[in-house]
Amino acid sequence: MERYSKYIEDDSFLNWVYDPTPETTRFWQDYILENPEEKEVIYALKEILRSIKPEEITLSEAEKKEIFTKLLDKVDRKDKPNKIFNLVKRTYKYVAVLVLVLIGVNIIVNKGFKKANDFNFDPMTTTSLDSVVNANTQLILGSAEPLLINEKKSLIEYTKQGSVVLNEKDTINGDIEKEGKVLSFNKLIVPFGKRSKVILSDGSVVHLNAGTKFVFPKKFTSNERTVFLSGEAFFEVSANKEKPFVVKTIEEQISIEVLGTKFNVSAYPIDSDILTVLTEGKVVVSEKKIFSTQKTILKPGQLASWNKNKESINVKEVNTDNYTSWTSGLLYFESESIINIVRKIERFYNVKIIFENGVDAKNINVSGKLDLNDKIEQTLENLTTTTEFKFEIINDKKYVLK
């Protein structure tokens with residue numbers, strides 16, 4: 001119980017659940033990355049607390065009594081609701097303590113989710129992608145030591161025979177038939193400043209943006225072609241009606257399922273939204289809840305945005321080039337927050353860009369196009385021509401907008 005009560009008694013945690021801000025979201029996301037063993041409990045608590053009172057932090061006495069009555073009926077029909085209510089009515093925190101009875105169900109669901117996928121994604125979430133000079137792309141084959149790829153752009157191709165070809169020149173031999181049907185996951189870590197392209201064993205092509213972690217099997221042997229994504233990727237999925245292609249994200253609630261199509265998924269841990277943009281075909285965005293799954297079908301030209309704080313999906317029509325042109329080294333944006341644009345530039349060039357003290361960039365939106373094939377200084381020069389900002393070079397890894 002102590003493991004749960006430390007969050008329930010924390011005002012900042014409750015404020016994050018019921019009235020999140022960019023600051024509290026960043027704090028708890030960082031906390032989860034530093035304490036991955038707490039992720040399961042935190043998200044279970046968050047979902048249950050929001051289901052109790054999604055709009056306000058304060059509960060009325062009548063609302064508390066109603067909640068206790070319902071929960072008590074689940075726990076022990078012999079006890080009297082008023083007796084329990086009188087014990088806890090003085091403080092809000094006990095509302096959450098009692099509903100922890102339901103957390104066991106949620107944890108069982110989450111554990112079943114992980115077991116079904118035969119892969120624990122947590123170690124990937126804690127792998128640092130902080131800016132590192134000369135960081136290499138890492139390809140990890142099963143449990144082997146990472147293969148380091150120092151090219152800025154890399155091409156990794158899996159053949160039907162089980163071999164891996166790196167940048168069309170280096171081949172790592174393998175024989176899938178001899179390895180049997182044991183599902184072996186490979187991992188690809190693309191640091192800031194790098195990009196990669198993977199051709200999977202089924203012929204599907206995946207373009208990986210900077211700052212991305214991608215987990216996938218050497219060969220798809222189950223009824224689903226399941227992969228795992230933290231970061232951003234553009235998928236060109238090979239059609240197979242017998243085996244749907246499923247993208248699991250770092251947020252366990254959200255997954256994307258297709259049969260054969262082209263779409264982009266942006267699921268960076270630091271961003272407040274998971275974005276799915278469809279350019280061709282059809283995709284289904286699924287949001288897993290404790291006892292149900294909400295499915296949203298996208299048509300070409302649509303964007304599905306799942307907000308991590310509100311935990312809801314919003315669909316709208318968009319210009320897909322604004323979300324997919326990064327695969328060609330271009331960045332299109334229409335009335336987009338300059339903070340989001342700067343974040344994308346940081347990832348692409350592996351640099352740090354800060355706003356000078358006193359600059360309020362939250363409400364500044366800009367439109368335009370940037371060629372990320374240019375040097376960073378030219379890109380920043382082009383960006384500042386559409387705003388009132390000027391940039392200053394601190395060193396080759398740090399810049400200031402003022």
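Strand 11 and strand 12 (residues 254-258) run antiparallel and are joined by 4 bridges; strands count as paired here if DSSP finds at least two bridges between them. This is a predicted model, so local features need pLDDT of at least 70 and side-chain atom pairs count only at pLDDT 80 or more, while totals for chains, interfaces and linings use all residues. Residues are numbered from 1 along each chain as its sequence is written, and side-chain values use heavy atoms, with hydrogens and water left out.

**Strand 11 and its neighbours**

- Strands (E, at least two residues) and helices (H or I, at least four) are DSSP runs, numbered from the N terminus.
- A hairpin takes the chain from strand 11 to strand 12 through 4 residues, and F245 has V258 in strand 12 as its bridge partner.
- Strand 10 also joins strand 11, this time through 5 bridges with the two running parallel; T226 has V246 in strand 11 as its bridge partner.
- In strand 11 (residues 245-249), 5 of the 5 residues are buried, so the strand is largely enclosed by the rest of the structure.
- "Buried" means under 20% relative accessible area, "exposed" means over 50%, and "partly exposed" is in between (1.4 Å probe, protein chains only).
- In a regular strand, side chains alternate between the two faces of the sheet.
- Both faces of strand 11 are covered: F245, V247 and T249 are buried on one side, V246 and K248 on the other.

**Aromatic pairs**

- Searching the whole structure turns up 14 aromatic pairs. Rings of Phe, Tyr and Trp (its six-membered ring) pair if their centres lie within 6.5 Å; planes under 30 degrees apart are stacked, over 60 edge-to-face, and the rest tilted.
- F185 and F228 make an edge-to-face pair, 5.7 Å centre to centre with 70° between the planes. F185 sits in strand 6 (residues 185-190) and F228 in strand 10 (residues 225-236), so this pair ties together parts 43 residues apart in sequence.
- F185 is buried at a relative accessible area of 9%, and F228 is buried at 3%.
- F235 and F263 are stacked, at 5.0 Å centre to centre and 15° between the planes. That pair links distant parts of the chain, strand 10 for F235 and strand 13 (residues 262-267) for F263, 28 residues apart.
- Both F235 and F263 are buried.
- Ring pairs link Y158, F214, F216, F220, F235, F245 and F263 into a cluster.

**A charge over a ring**

- R347 lies over the face of Y268, 3.5 Å from the ring centre. The cut-off is NZ of Lys or CZ of Arg within 6 Å of the ring centre and within 35 degrees of the ring normal.
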